[in-house]
Every structure is written in structure tokens, then in C-alpha cells.
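Please keep the sequence and the model open while reading.

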Amino acid sequence: MRWFRRFIRFPPRFVRGFALLIPAIGLLLALDAALPPALDRARQTSMLALDRQGRILRAFATAPGVWRLPARPEDVDPLYLRMLRAYEDQRFSAHPGVDPLAAARALGQWLSHGRVVSGASTLTMQAARLLEPHERDLAGKLGEMLRALQLERRHAKDDILSFYLTLAPFGGNLEGVRAASLAWFGKEPTRLTAAEAALLVVLPQAPARLRP
């Protein structure tokens, strides 16, 4: 058995690295438990008066004067969801909150062009930024990535998508795809034309400039 013990013996450098890794992982888990993502903004939605069929009779703005209606994936047209994923985050179903392929592509383009050519924000990262707005700098982006990983660890993909659908900006004091669809098209977003779905997909990119 001596030959077996020699075979499985790890180099001292590996042992020291592994010994340092364990407390580092423990520290990250402790910080994750102590500092969970804040979900208050997603829960602070407009008060609604509904009829017997669940249709909106009247909506009341939130305290800051924002029209924000809760929305889940089942509340919107599947065409819109397909367009949203194709435009914003094609690998949303597969990545853990941060898309390493998109990040590598964006970094490579930045290094070769000397400027930002394309972003690497996933829908989860955008949801994290909408839940906790921050400065658009390097520190803010790193924090956003960490929050995205936390969101993915705690919530299902549909829940994360719901955060985006509820909080995305659509111009003026409109937030969320339902508020935008009701304001711009006069209807719930359950049935949209291709043109309507496309507009709702791109509006959050520049709501002040693109809104009707």
C-alpha cells in the first residue's frame, strides 16, 4: 500500500491552497447569508381595484408616483418572452446569473477596440440592477454580477424574470411591461402583435428616447 499512499500524496503547495480555499468559501457563504438581495422594489407595486373577473378597474401610483404593476411570465405574450430572450439574453435558461461567454466576448471587443462595443449584462444582472439601482461604473458592475449570482442561487428563473418584467423602465413614470402595455396599447400584454412585442423589448434600453 505504500505505492498507493505515494500516488495519492498531494504537493504541499496544493494542500496550502486548498486550506486557504475552505475559509474563503466559508466567508463568501456567510456574506451571502448576511447580505441577501433586497426585493423591496419588486414588492412595492401599484394598488389595484379589480372586478370579479380580475380585470383592472383602477390603479393607484406608488408613493414616488410610479405606475408599477406586478408581472409574471404567464402574464405576457410568449412571443414577447421569446423576443426578449433573443435580444437580451439568449442563454438565460443555462447560465448561473453571469454569462461567461458574453463576458469574454465583451472583454475581447473592449481590448481590441479600446472602447465598449457590446455589453455582457444578462437578464439576471439587469434584474439585480433594477432591484438595487447603482452607479454604472466598474464597482457597480462587479456588485451587480455578485447580486446576480445570489439571485440565481435563491430564486427560480421565472421569479427572476418576474423581477425584470415588473421593474423594467418604459418611459416617464411607467415601470413594468404591464404598465407599459396598458399605457401605450390600451391592453394587457397577454396578446401582442410582433410590432408591439418588439417595441416593448427595446424600450427599456432607452425609454426616454424610444417611448411613443
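The report below goes from the whole chain to its core, and then to single helices and their contacts.

## Overall make-up

This is a predicted model. The protein chain has 11 helices and 4 strands. It runs to 212 residues, and 33% of them count as buried. Take the contacts with a separation of 6 or more: 60% of these join residues 24 or more positions apart.

## The nonpolar core

The largest nonpolar core holds 32 residues. Those with the most contacts inside it are Y80, L84, Y164, L165, F170, V177 and L200. Helices α4, α6, α8, α9 and α10 each supply at least two residues of this core. The biggest share comes from α8, with 6 residues.

Setting aside neighbours within four places in sequence, Y80 is in contact with Y164, L165, F170, V177, L192, A197, L200 and V201.

## Helix α4: one face in, one face out

Helix α4 spans residues 78-88. Its buried residues are Y80, L81, L84 and E88. Seen down the axis, these fall within an arc of 100°, so they line one face of α4. An α-helix has 3.6 residues a turn, so residues three or four places apart point the same way.

The face of α4 turned away from the buried side carries R82 and A86, both exposed. Cover for the buried residues of α4 comes from elements including α6, α8, α9 and α10.

## α4 against α8

Two packed helices are described by the angle between their axes and the distance between the axes. For α4 and α8 (residues 157-167), the axes come within 13 Å and cross at roughly 95°. That makes α4 roughly perpendicular to α8.

From α4, the contact uses Y80, L81, L84, R85 and E88. From α8, it uses L161, Y164 and L165. By class, the residues of this contact are 6 nonpolar, no polar and 2 charged.

## α6 against α7

Helices α6 (123-131) and α7 (residues 138-154) pack at an angle of about 105°. Their axes are 8 Å apart. The two helices are therefore roughly perpendicular to each other.

On the α6 side, the contact is made by T124, M125, Q126, A127, A128, R129 and L131. On the α7 side, K141, E144, M145, R147, A148, L151 and E152 take part. The contact of α6 with α7 has 7 nonpolar, 2 polar and 5 charged residues.

## Helix α10 and its buried glutamate

Which residues of α10 (residues 194-202) are buried? They are E196, A197, L200 and V201. These cover an arc of only 135° around the axis, which puts them on the same side of α10. What covers them includes α4 and α9 (177-185).

E196 lies in this helix, α10. Is E196 buried or exposed? Its relative accessibility is 16%, so E196 counts as buried, the cut-off being under 20%. Not counting residues up to four places away in sequence, E196 touches F185, K187 and R191.

Y80 and L84 turn up in several places. Both are buried in α4, both belong to the contact of α4 with α8, and both are listed among the core residues with the most contacts. From α8, Y164 and L165 are part of that helix contact and are also on the core list. L200 is on the core list too, and L200 is one of the buried residues of α10.

How values were computed:
Residues are numbered from 1 along each chain as its sequence is written. This is a predicted model: local features need pLDDT of at least 70, side-chain atom pairs count only at pLDDT 80 or more; totals for chains, interfaces and linings use all residues. Side-chain values use heavy atoms; hydrogens and water are left out. Buried means under 20% relative accessible area, exposed over 50%, partly exposed in between (1.4 Å probe, protein chains only). The arc is that of the directions from the helix axis to the C-beta atoms. Contact means heavy atoms within 4.5 Å. Axes are lines fitted to C-alpha atoms, for helices over the stretch in contact, and angles run from 0 to 180 degrees between N-to-C directions. Angles under 35 degrees count as roughly parallel, over 145 as roughly antiparallel, 65 to 115 as roughly perpendicular and the rest as oblique. Ala, Val, Leu, Ile, Met, Phe, Trp, Tyr, Cys and Pro count as nonpolar, Asp, Glu, Lys and Arg as charged, and the others, Gly among them, as polar. A nonpolar core is a set of buried Ala, Val, Leu, Ile, Met, Phe, Trp, Tyr and Cys residues joined through side-chain atoms within 4.5 Å.
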